[in-house]
Amino acid sequence: MRHHKQLLSSSVSTNRRPTILYLVCAVSIFSLLLFAIQSSFFSGSFGSDRDAETIRILSQFQSTVQQCVANRGLGLTAHIIDHCKLILKYPEGTNSTWYNAQFKKFEPLEYNYDMCETILLWEQYRNMTTVLTREYLDARPDGWLDYAPQRIAQLGTKKCYNKTLCEEHLNILLPAKPPFRPRQFRTCAVVGNSGDLLKTEFGEEIDSHDAVFRDNEAPVNEKYAKYVGLKRDFRLVVRGAARNMVPILNGSDTEVLIIKSVTHREINAVIKTIPNPVYLFQGIVLRRGAKGTGMKSIELALSMCDIVDIYGFTVDPGYTEWTRYFSAPRKGHNPLQGRAYYQLLECLGVLRIHSPMRSARKEDWSDVPSREMISQAHAAALHLKKSQAGDLGQFGNCKVWGNVDPNKSGPISGSPDMSDVRKFSKYSKWEVMPFSSLRKEAQDHYMQMQGVTLYKMDGNKLDDLVCVRHSLKSEV
């Protein structure tokens with residue numbers, strides 16, 4: 001009997017243990033589910049709060065931009081659609097004189113913009129290079145096969161199956177790595193060709209900048225010195241103007257020429273005889289026709305400069321024809337669209353506009369958003385984009401990656417058949433400039449970017465970058 005009770009007790013105890021284990025497991029699972037639900041709730045609440053703060057910052061920034069346009073736009077007004085989108089409108093009665101033959105209509109009087117995309121795009125230009133290099137062609141998929149031939153006119157083939165064929169045409173103006181860096185200069189002046197330059201004597205002010213950028217055939221001489229200055233550092237030229245580079249340079253042996261689209265044998269033959277640095281612009285949409293060389297000059301300047309001042313871009317109202325300060329009036333392109341976009345860029349802190357109607361208050365930038373507010377708006381726009389596309393880190397817009405061998409410096413631009421004038425000049429001084437000679441801001445930026453150089457793949461998309469990684473140790 002006692003033995004029977006012991007067996008019964010043992011059986012009850014054995015049956016009770018699984019029950020207790022089941023209860024413990026159930027409680028644990030319930031606790032985990034409760035924790036997950038609470039975490040999800042609080043995480044969602046935090047995310048929702050952060051999104052609300054992002055929208056608030058962007059909306060506040062939009063209001064500041066709207067006020068800036070009202071104060072500085074000389075008749076332009078900004079109409080807010082939401083926290084990112086706005087419309088810039090010209091007043092009723094504005095004379096639209098430019099006729100678009102393709103679409104058979106005159107230039108419109110209002111333009112839609114996405115401020116979030118715009119502020120991200122132009123901040124991107126501050127961190128990248130706009131000169132074609134050998135490392136870019138090496139990193140870009142089929143860079144030598146497909147892309148390099150597009151930068152050479154009259155090549156006779158659409159593909160370089162033999163890399164040497166393209167190298168023969170590009171070596172004369174193809175550096176191994178970027179000759180210019182972000183933050184290389186503090187202040188830069190971009191001088192357009194508008195006839196409004198003759199209305200105000202900006203010459204000395206233009207020359208006071210650390211670097212001056214000019215376009216195409218715009219003359220620099222004593223005749224126009226008091227209007228446009230004499231300083232000449234960089235010049236962006238279209239293919240037609242590049243053929244006349246000797247008279248354009250007019251004796252200067254240091255002005256850097258950047259060819260906007262393509263090179264060919266005739267241009268290369270001239271390059272071999274001059275002492276000036278010559279390179280190809282990188283970041284254009286080939287064969288689509290960008291809206292003028294002036295905008296590309298601004299992109300070029302932003303890739304090197306902290307502060308960009310623009311002169312001679314016909315931004316004042318009242319023009320009925322497109323004028324140039326050194327020649328007769330000619331038919332222009334999109335004057336109203338350009339003026340609206342430049343005004344938006346000024347109110348986004350990208351550039352500063354100087355013109356006859358603004359000359360009296362050229363140093364008054366109090367109605368432009370502060371650098372702190374612009375940085376907050378940029379961070380908010382970036383957060384908004386990441387919440388939609390996923391947070392991919394500092395280099396989230398890099399579509400293609402390349403690496404530079406730290407043990408190889410790469411060749412400088414040039415060719416064996418250069419003239420002695422070029423061979424013994426300082427045309428390659430920018431390519432061999434020691435890292436230690438850069439201004440501190442440029443060095444700090446390079447370290448912040450972890451030695452990564454950013455290039456545009458094609459056009460103005462945010463997420464189409466070619467990123468090339470350098471060894472910090474070998475550079476510094």
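This section describes the cores, aromatic pairs, a strand hairpin and the disulfides of a predicted model.

Residues are numbered from 1 along each chain as its sequence is written, and side-chain values use heavy atoms, with hydrogens and water left out. Local features need pLDDT of at least 70 and side-chain atom pairs count only at pLDDT 80 or more, whereas totals for chains, interfaces and linings use all residues.

Nonpolar cores were examined to begin with. A nonpolar core is a set of buried Ala, Val, Leu, Ile, Met, Phe, Trp, Tyr and Cys residues joined through side-chain atoms within 4.5 Å. Buried means under 20% relative accessible area, exposed over 50%, and partly exposed in between (1.4 Å probe, protein chains only). The largest nonpolar core holds 73 residues. Within this core, Trp122 and Phe213 touch the most other members. A separate core of 36 residues lies apart from it, and its members include Cys166, Ala242, Ile259 and Met418. Contacts were also listed for Trp122 (contact: heavy atoms within 4.5 Å). Neighbours within four places in sequence aside, Trp122 is in contact with Met295, Ile298, Glu299, Leu302, Tyr341, Leu345 and Val350. In soluble globular proteins, nonpolar side chains tend to be buried together.

Aromatic pairs come next. Rings of Phe, Tyr and Trp (its six-membered ring) pair if their centres lie within 6.5 Å; planes under 30 degrees apart count as stacked, over 60 as edge-to-face and the rest as tilted. The whole structure contains 18 aromatic pairs. In one of them, the ring centres of tyrosine 224 and tyrosine 325 are 5.1 Å apart and the planes stand at 80°, so the pair is edge-to-face. Tyrosine 224 sits in the loop between β7 (211-215) and α7 (225-228), and tyrosine 325 in the loop between β12 (322-324) and β13 (327-330), so the pair ties together parts 101 residues apart in sequence. Helices (H or I, at least four residues) and strands (E, at least two) are DSSP runs, numbered from the N terminus. Tyrosine 224 and tyrosine 325 are both buried. Tyrosine 325 also pairs with phenylalanine 326: the centres are 5.0 Å apart and the planes at 80°, so this pair is edge-to-face. Phenylalanine 326 is buried. One aromatic cluster is formed by Phe180, Phe185, Phe213, Phe234, Tyr279 and Trp430.

Charges over rings were also found. The criterion is NZ of Lys or CZ of Arg within 6 Å of the ring centre and within 35 degrees of the ring normal. Arginine 422 lies over the face of tyrosine 427, at 4.2 Å from the ring centre. Lysine 456 lies over the face of tyrosine 125, at 5.6 Å from the ring centre.

Valine 278 belongs to strand β10 (residues 278-280). Its relative accessible area is 1%, so valine 278 is buried. Valine 278 and tyrosine 427 are 149 residues apart in sequence and 8.0 Å apart in space, C-alpha to C-alpha.

Strands β1 (residues 77-80) and β2 (residues 85-89) run antiparallel and are joined by four bridges. Two strands pair if DSSP finds at least two bridges between them. Isoleucine 80 has leucine 86 of β2 as its bridge partner. The two strands form a hairpin with four residues between them.

The structure holds five disulfides. A disulfide is counted as a pair of cysteine sulfur atoms within 2.5 Å. With the bonded cysteines numbered in sequence order, the pairing is 1-8, 2-3, 4-5, 6-7, 9-10.

Cysteine 68 is joined to cysteine 347 (S to S 2.1 Å). This link is left-handed, with -80° about the S-S bond. Cysteine 68 lies in helix α1 (residues 2-72) and cysteine 347 in helix α12 (residues 335-347), so the pair ties together parts 279 residues apart in sequence. Cysteine 68 counts as buried, at 0% relative accessibility.

Cysteine 84 and cysteine 116 form another disulfide, with sulfur atoms 1.9 Å apart. The torsion about their S-S bond is about -85°, so the disulfide is left-handed. Cysteine 84 lies in the loop between β1 and β2 and cysteine 116 in helix α2 (residues 115-125), 32 residues apart.

Cysteine 188 and cysteine 305 are also bonded, with sulfur atoms 2.0 Å apart. Cysteine 188 lies in strand β6 (residues 185-191) and cysteine 305 in strand β11 (residues 305-311), 117 residues apart. Both cysteine 188 and cysteine 305 are buried.
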